Every structure is written in structure tokens, then in C-alpha cells.
Amino acid sequence: MKPEKRGLVLSSVLALTLASTLAGCGGNNGSGEGSNMEGGSSGSDLKPVTLTYFSEDSSTNWNNMQDEVGKVIAEKTGVTLDAEFAVGDPVQKMSLIAATGNYPDLIAAKADVGKLVDAGAVIDLTELIDKHAPNIKKMLGDKLVRAKYSLDDQAIYAVPTWSSVDEKKFRAEGGFELQHRVVKEAGYPEIRTVKDFEKVIQDYITKHPTDENGNKNIGLSLNGDDWHMYQVTNSGFQTTGGPDDGEYFIDQETHQATYHFRRPEEKEYFRWLNHMNDIGLLDPESFVQKTDQFKAKVASGRVLGLADPEWDYGDAQNALKAAGKFDQTYGHYPVTLSEEYKDTSFWPAGFDGGYGISISSKCKDPVRAIQFLDFLASEEGQILNNWGIEDKHYTVENGKRVVIPAVQERMDNDNAAFQKESGVGLYWNLMVHYGDGIKDSTGNYFTRNYPEQLTASYSEPEKEALKAYGAEHWKDLFPAEDEFESRAYGAAYTMSLASDDPAVILGAKMKDITWKRVPEAIMSKPEEFDKIWDAYMADLDKAGVKEMEEAYTKHIQNRIELWSTK
């Protein structure tokens, strides 16, 4: 369906929906007002309503809004979510939703929103935001242009909830990870390159081949299960100076897109993983284990090193904390292939406006849906999600919010169970939100990730490691934001493209080739690596990789042009 026709269809859907709402079908009372900056409702209907919701992100601690924070959200908005989260391949599930016409009320489709747009499954939110979402409008301001779908179709099909507004990150969550006991035994050496990382692991495992129960220690384990393969392949650009732009390396001057695996330097990174496998430091089950098995290994304390974002292994690390094994939890290190490259973990992308929450064309009440999202974007909603309930999870002392000590202990040592029970932090990807380092109207930080609070959350082995490296926080070990130039296109991976776009069709072919060839190359004998890699590059050429790069380059240039409009 072409953009102009789709706009007519969605406008008609929206008009009919609003008409039924104004006629008294359980929606807004016709005042045209939504929630205000204090977080309450102004003229909105709080009659209980259940909205269905599907998210491509997982949420292992979801408790059907029966957690403490969820109950308050339901009370404040009248909305309860009947939620489903992706299990297995989220892209496949989203394709099924688009094809069957069984659309939930709210959908978090991430980069796959294009499939829903093509199917007429989601509505243009521009008018709803303008009339019923004052908190979202105020927070985004002129950044709202970044939520527009494309240069040709400037509708807003998703409220941007994945990227933080005006963020200054204090917390390191990426890089390579090493257990505190491992670096302590090594005397806290500089961990700057993959060879430094390898040496510390090799030295430790030589002295301690097994754990206290006689089980074999593992040098480095990778999570190559299904979509988690991206964590494995992303390390290719992360260790060779590239920012996170998904499957592409974008030239910062010409904005030319290259499928990042085609860069010669990345070949050398994957050659190093092949070397790690050859000398027995890479977990041989890295590409056959399931995510639960990967996490179980990490939770056992046997995995000495990781090259994985904290959100992927965090549940397992929380299990280590709950067991009191703090010296077997992990610090973050800015590891690159060699010292000529910088770790880009803190290369800012600015506000992306890409991933977010869409309202479907079959939503039973779009006004209530947008008001629900607007409450979450309010000051009250953000404080509720980040801090919890006053006097239950935090207190205010001399005007400063402080987490109650017993609550902080649970956050640090038993966070999974605590989050499921409390709901604190559980609604992050549902809300338009300010990022770390931003203060609210009371002068307190919106999030709990600020320097003093981070320090309070560190275990003794973690504090000891940081002190040894002369750092207050792990971020101090990494290149700072101001060492990088801003990216005019944000983060490329947040672009949503039509399902019939050449970059999408060809990208699926490249993924299939890559996810077969990269593990094959890593697990091969060293003398076979070059032959396999050359065959991989030939496969990409034959499948049309250059045509895909040209198509994606055009999208990058179009996004830059779109974002320059007001």
C-alpha cells in the first residue's frame, strides 16, 4: 500500500475510533484533555479497561501489573495490560501478527514496525499526541520530528519509548566483562586489548582449571542462541571502532553504509575468536546452547569472561549476587582488537525516535491508550517506574530521594525477585522517558543511575577492583562521550523500513549467510579460517550485498534530511 493511500485508510480508522469514543464507548469524555505534568488525569475516563499488548522485547519479571508499581499505574490510569512478550524469534512473531490481522491494542515492534505499516495495522499517532499527550509533547518538543516514519511518509506510527531523552550515561553496561576474582589474582593489570583479556583468563584457568566442585571453568562463553547471535556479531564493530549502527558501518563523512562484516579489521577480530577456540578458552557450546543454558553457566560462577551486554546476562549475575558470590560477578572493560581502536560504548547517538509503542488499527480505545502512555511519560509516572512508591521503596530526606536501605539491598542482591514483586524499573520500555543525569522539578534525578547511587550499589569486590584501577565507576575506564562526533542519523538500527524494501529483503539473506558462516569460521581449525571467510565474502557478493548497501545508504541520507526539517 502506498503512503498516500495508507494515510487515508488510517485517518478513517482514527476518525471512526474517536467518534465512537466521544459517543461514550469507554473513552475520553470529549474535553480533549489528557494527563497533566503532575501525572494525574484531567477530564479523562478512569473506568477500568484492559488493553492487549505485544512486545518484541522479553520481560522475564512481568507480573500482569499485579506488582506494587503496576497497581498504582492501573489506579491512576484505569488501564491494565494483558501482555504477551516474544519467545523465540520476535521477527517471525511480528510477521505472523501482520499477516493474520490479529492485532493487539498496543504493539512494540521495534524495527519491524514497517511490517505493520504495510499491513495497515497501526495508526498515525500525530493527532492523538497533539490532543491527548501533553507530557509526551513537552518532553520531546522539537525531537518529535525524529519519530516520523520516513521522508516520504511523515506519520508517527510509534511513540518513541526505547531511546532516552537528553541522556548523560553514568553506567557502563557493555564492553568485555571479567570476574572480579580473575583480575584480582592477576594483580589488576590493564585490560585494553583482546590479548590482555585473553592473558588474564589463560593465567587464571591454568591455575584453576576447575571450580570448587570439580566442574571445568570456562574462559569465555558466547550466547549465540537465535537472535542473541547479534551480541556475538556486534562485537565485530565494537572492537574495531564502530558505533552501534546495527548491521552496518556508516562512514561519518559520506554516510555510506557498509555491511560491517566486510571490513577487513573485523575479519581479524573473528580470527581471534577462532584462536580462543583453538586454545580451549572459548566455550565449545557457544553456538549450540540455549539462552537458559548460557545463563545457568554464568550463574554457576564458572564463566570467567564475557563479551555480552549486561541486560543479556544480568539475570544470571543477579543469581550470583543472591548466592553471595560477589567476587564472581563482573566488571566492564573497554576491550578492542588493538590499541589503535577506541571502545565506542559511550558514543552518543542522540535521541533516536525509532523503536517504540504503536497503537493498532483495531485498538478498542486509542484515546485511553495514548493517555496511558502519556501518564507513564509524566513526572509522576517516571518517578514511579524508576524509584517506586514513596515510603515503601524510597524516602525524601532534606529534599533528596533516597532508596530505603533494605530495598537497596534487595535491588543489589535479589533484583529479579524484587522487580517482579515491586515493579520498579519494569515499565521502562513502555514509557517515553528522560535518561540518566536529568533532574526533575524537585531537583532530584529521574533515574537511580547517578554517581552516588551507583557507588552505593557496588559490592566490596567491585569497589576493590574500581579502586585498583583508579576509577569511581566503570565508565571512567572507557572513552568519554566528548571524544566522539555526534551522528547526524542517530543510531542506524532504529530505522523502520518497508517489508518490501531491498535493504530488508536482501538483509534477511545476509543474516542467514552470516549466522551460518561466522560460527563456522570461529569453530574451524585455524588453517581453515581464511578459506571459510573468503567463501563467506563470496556468498555475500553473490547474494547482492552491494545492492543492499546502496539501498541502506539512501535511507541514511533520507533520515538526515527528514531530521533537518521542523
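**Reading the definitions in a predicted model**

The protein chain of this predicted model contains 21 helices and 13 strands.

Me: What makes the protein chain as compact as a globular protein of its length?
Reply: The globule rule gives 24 Å for 566 residues, and the radius of gyration of the protein chain is 24 Å, so the chain is as compact as a globular protein of that length. The C-alpha trace spans about 75 × 60 × 40 Å along its principal axes. Of the 566 residues, 55% count as buried. The accessible surface comes to about 23,400 Å², and carbon and sulfur atoms account for 49% of that surface.

Me: How do you know what confidence the predictor places in the chain, and over which residues is the pLDDT below 50?
Reply: On a scale from 0 to 100, the pLDDT of the protein chain averages 90, and 92% of the residues score at least 70. Over residues 1–43 the pLDDT is below 50, although this stretch has 79 contacts in the model beyond near neighbours in sequence. Where pLDDT is low, the predicted coordinates should not be read in detail.

Me: Why is Thr 193 called buried?
Reply: Buried means under 20% relative accessible area. Thr 193 has 10% relative accessibility and therefore counts as buried. The residue lies in the loop between α7 (180–185) and α8 (194–207). Leaving aside residues up to four places away in sequence, Thr 193 touches Val 335, Thr 336, Leu 337, Ser 338 and Glu 339.

Me: Why is Glu 561 called partly exposed?
Reply: Partly exposed covers the values between the 20% limit for buried and the 50% limit for exposed. Glu 561 has 44% relative accessibility, so the residue counts as partly exposed. Glu 561 belongs to helix α21 (residues 545–563). Its C-alpha atom is separated by 26 Å from that of Ile 359, which is 202 residues away along the chain.

Me: What makes β2 and β4 the edge strands of the five-stranded sheet?
Reply: This open sheet has the order β2-β1-β3-β11-β4, with mixed pairing. An edge strand pairs on one side only, as do β2 (79–85) and β4 (159–160). The partner of β4 is strand β11 (residues 356–359), to which two bridges join it in the antiparallel sense. Val 159 stands opposite Ile 357 in β11. Helix α13 (residues 366–377) lies across β1 (49–55), β2, β3 (106–108), β4 and β11, at about 165° to β11.

Me: How do you know that β6 pairs with β9, and in which sense do they run?
Reply: Pairing requires at least two bridges. Two bridges join β6 to strand β9 (residues 303–306), and these strands run parallel. Leu 220 stands opposite Gly 305 in β9. Both strands belong to an open sheet of four strands in the order β6-β9-β5-β10. Its edge strands are β6 (218–220) and β10 (330–333), and the twist averages 20° from one strand to the next.

Technical notes: Residues numbered from 1 in each chain as written. Predicted model: local features only at pLDDT ≥ 70, side-chain atom pairs only at ≥ 80, totals over all residues. Heavy atoms only, no water. Contact = heavy atoms within 4.5 Å. Axes fitted to C-alpha atoms, helices over the stretch in contact; angles between N-to-C directions. Rg over C-alpha atoms; globule rule 2.2 N^0.38 Å. Buried < 20%, exposed > 50% of the residue type's maximum accessible area, 1.4 Å probe, protein only. Areas by Shrake-Rupley, 256 points an atom, 1.4 Å probe, with all protein chains shown as cover.
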